[in-house]
Amino acid sequence: MSSVHSSTILAETISWYCTLFLAIMLLLSCCESTESEFAVQMHEQQKLAMKKLPLCDEIYVVKEGETLHTISEKCGDPFIVEENPHIHDPDDVFPGLVIKITPYKST
């Protein structure tokens, strides 16, 4: 009867774990390319959306009928309230109110 050395068993175990690891990495790399293609498409859509936005000055004077939401969409600044601490109530926006605009910049 032949005996198997413990080093042989250890080597086989490590070999199986490495094979399993490589198989998982191969599967993940296939999924990653799909995600990166999706990310590229989303980035292109964001760039197109940003090109459509009119440029707003850093200092903006609210016009009749505008809301913070419409100004945010128009100027591309989703953080108007956070950047303007003098606006205590976002619903209390009136013509002539001066606000700071910081357009969102995609990288």
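This is a predicted model: local features need pLDDT of at least 70, side-chain atom pairs count only at pLDDT 80 or more; totals for chains, interfaces and linings use all residues.
Read along the sequence, this protein runs α-β-α-α-β. That gives three helices and two strands. The average pLDDT over the protein is 80, and 79% of the residues score at least 70. Where is confidence lowest, and where is it highest? The lowest mean belongs to α1, at 76, and the highest to β2, at 93.

Next, some totals. The protein has 107 residues, and 16% of them count as buried. Take the contacts between residues at least 6 apart in sequence: 52% of them join residues at least 24 apart. I will show you some pairs of that kind later on.

Now the disulfide. A disulfide is a covalent bond between the sulfur atoms of two cysteines. How many are there in this model? The count comes to one. The partners are Cys 56 and Cys 75, with their sulfur atoms 2.0 Å apart. Which parts of the chain does the pair tie together? Cys 56 sits in the loop between α1 (6-52) and β1 (59-61), while Cys 75 belongs to helix α2 (residues 68-75), so the bond links parts 19 residues apart in sequence. As for its handedness, the torsion about the S-S bond of Cys 56 and Cys 75 is about -80°, so this disulfide is left-handed. Are these two cysteines buried or exposed? Both Cys 56 and Cys 75 are buried. Cys 18, by contrast, is partly exposed, and its relative accessible area is 42%.

From there to charges. Side chains of opposite charge can pair when their charged atoms come close. A search of the whole structure finds one salt bridge. It joins Lys 74 to Glu 66, and the closest N and O atoms are 3.6 Å apart. What about the accessibility of the two partners? Lys 74 has a relative accessibility of 32%, so it counts as partly exposed. Glu 66 has a relative accessible area of 15%, which makes it buried, because the cut-off for buried is under 20%.

Glu 66 also turns up in the next part, which is about the strand β1. Val 61 lies in β1 and is partly exposed, at 43% relative accessibility. Which residues does Val 61 contact, once its neighbours within four places in sequence are left aside? They are Glu 66, Gly 96, Leu 97 and Val 98. For one of these, Leu 97, there is also a distance: Val 61 and Leu 97 are 36 residues apart in sequence, yet their C-alpha atoms are 5.6 Å apart.

Move back along the chain to Glu 58. This residue is in the loop between α1 and β1, and at a relative accessible area of 53% Glu 58 is exposed. Not counting residues up to four places away in sequence, Glu 58 touches Ile 99, Lys 100 and Ile 101. Its C-alpha atom is 6.3 Å from that of Thr 102, a residue 44 places away along the chain.

Pro 95 is in the loop between α3 (80-83) and β2 (98-100). With a relative accessible area of 43%, Pro 95 is partly exposed. Again leaving out residues up to four places away in sequence, Pro 95 touches Val 62, Lys 63 and Glu 64.

Last, the surface patch. Which residues make the nonpolar patch? They are Tyr 17, Leu 20, Phe 21, Leu 22, Ile 24, Met 25 and Leu 28, and the patch covers about 760 Å². Take Ile 24 as one of its members. Ile 24 lies in helix α1 and is partly exposed, at a relative accessible area of 41%. Here the confidence value matters for reading the picture: α1 has the lowest mean pLDDT in the protein, 76.

To sum up: there is one disulfide, one salt bridge, and a nonpolar patch of about 760 Å².

Key. Residues are numbered from 1 along each chain as its sequence is written. Side-chain values use heavy atoms; hydrogens and water are left out. A disulfide is a pair of cysteine sulfur atoms within 2.5 Å. Helices (H or I, at least four residues) and strands (E, at least two) are DSSP runs, numbered from the N terminus. Buried means under 20% relative accessible area, exposed over 50%, partly exposed in between (1.4 Å probe, protein chains only). Contact means heavy atoms within 4.5 Å. Patches are made of residues with over 30% relative accessible area and no salt bridge: like charges are joined within 9 Å, nonpolar side chains (Val, Leu, Ile, Met, Phe, Trp, Tyr) within 5 Å. Accessible areas come from the Shrake-Rupley method with a 1.4 Å probe; for residues, only the protein chains shown count as cover. A salt bridge is a side-chain nitrogen of Lys or Arg within 4 Å of a carboxyl oxygen of Asp or Glu. pLDDT is the predictor's confidence in each residue, from 0 to 100.
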